[in-house]
Amino acid sequence: MSYDFYRTFILPYAAIIIKICRAYTNTQEDFEDYYQEVSLQIWKSKDNFNEQSEWSTWVYKISLNVCLSLLKKNKKSNVQYFASDAIPNEVFEDNAAFSNDALNHLYAAIKHLSEVDRGVILLYLEEKSYQEIADIMGTNPNNIGVRIKRIKERLKKILDGQDN
C-alpha cells in the first residue's frame, strides 16, 4: 500500500475505522491489529469499489466485515476471548476513547451488545439512513428499523443498570 493511497483513501476515514475497531476490541494491541487489517483490506479491495455508494459507506462495510471476521477467527483458534457480558468494567474505563464521560458510558454499554448489533448502532450513531445501514449490513431497511428499536431499549436497560 502506498502512502498516497493511505493519505487519500484511508486517513480521511480513520475516525470511522477507529470507532468500529474500538467497538470490537478490548486492548490497545488488538485495536492496532484490527486497524491495520482493516486498512490492508480496504487497499486490497479498492478495485471492487463500484461507486454505487460513497467511499465512506465502503469503508464502513469493509471495517465491519473485517472486525466480525477477526472475532470469528479468534473464537475458532481458541484465542482468549471474553463474551461481551463478561468484560469487566475496568477494561472499558482503561480504554476510554472519549473525553466525555457520557459518551464513554454509551460506548461501554454498546460493547455489551451482540457483534452485529454493535455494528448497526454504530452506523445509526453516524446518522446513516436505514437504507445505508441495510446496504452495509446486507439486510433490508425494515429489519434495521426493528433492530434499532430493540437495541435502543437494550441500551437503555444497560445504562440504567437493569440489564442482566
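Helix H4 passes helix H8 in a right-handed crossing. In this predicted model, H4 spans residues 55–76 and H8 spans residues 130–137. Their axes come within 9 Å and cross at roughly 45°, which makes H4 oblique to H8. On the H4 side the contact is made by Thr57, Tyr60, Lys61 and Leu64; H8 contributes Glu132, Asp135, Ile136 and Met137. By class, the residues of this contact divide into 4 nonpolar, 1 polar and 3 charged.

A second helix pair can be read in the same terms. Two packed helices are described by the angle between their axes and the distance between the axes. For helix H2 (residues 14–24) and helix H3 (residues 28–44), the axes come within 9 Å, and the crossing angle is roughly 135°. H2 is therefore oblique to H3, since angles count as roughly antiparallel when over 145 degrees and as roughly perpendicular from 65 to 115. The crossing of H2 past H3 is right-handed.

The residues that meet here are Ala14, Ile17, Ile18, Cys21, Arg22 and Tyr24 in H2, and Gln28, Phe31, Tyr34, Tyr35, Val38 and Ile42 in H3. The contact of H2 with H3 has 10 nonpolar residues, together with 1 polar and 1 charged.

A pair of aromatic rings is described by the distance of the centres and the angle of the planes. A search of the whole structure finds 5 aromatic pairs. In the pair of Phe31 and Tyr35, the ring centres are 6.3 Å apart and the planes stand at 40°, so the pair is tilted. Both residues lie in helix H3, 4 residues apart, which is about one turn of the helix.

The mean pLDDT of the protein chain is 83, and 86% of its residues reach 70 or more. Among the elements of the chain, helix H9 (residues 141–159) has the highest mean pLDDT, at 95, whereas helix H5 (residues 89–94) has the lowest, at 43. Over residues 81–96 pLDDT stays under 50. The model has 22 contacts beyond four places in sequence for these residues. Where pLDDT is low, the predicted coordinates should not be read in detail.

Definitions and conventions:
Residues numbered from 1 in each chain as written. Predicted model: local features only at pLDDT ≥ 70, side-chain atom pairs only at ≥ 80, totals over all residues. Heavy atoms only, no water. Axes fitted to C-alpha atoms, helices over the stretch in contact; angles between N-to-C directions. Helix = DSSP H or I, 4+ residues; strand = E, 2+ residues; numbered from the N terminus. Parallel < 35°, antiparallel > 145°, perpendicular 65-115°, else oblique. Left-handed = near helix turned anticlockwise from the far one by under 90°. Contact = heavy atoms within 4.5 Å. Nonpolar A, V, L, I, M, F, W, Y, C, P; charged D, E, K, R; others polar. pLDDT = per-residue confidence, 0-100. Phe/Tyr/Trp six-rings, centres within 6.5 Å; stacked < 30°, edge-to-face > 60°.
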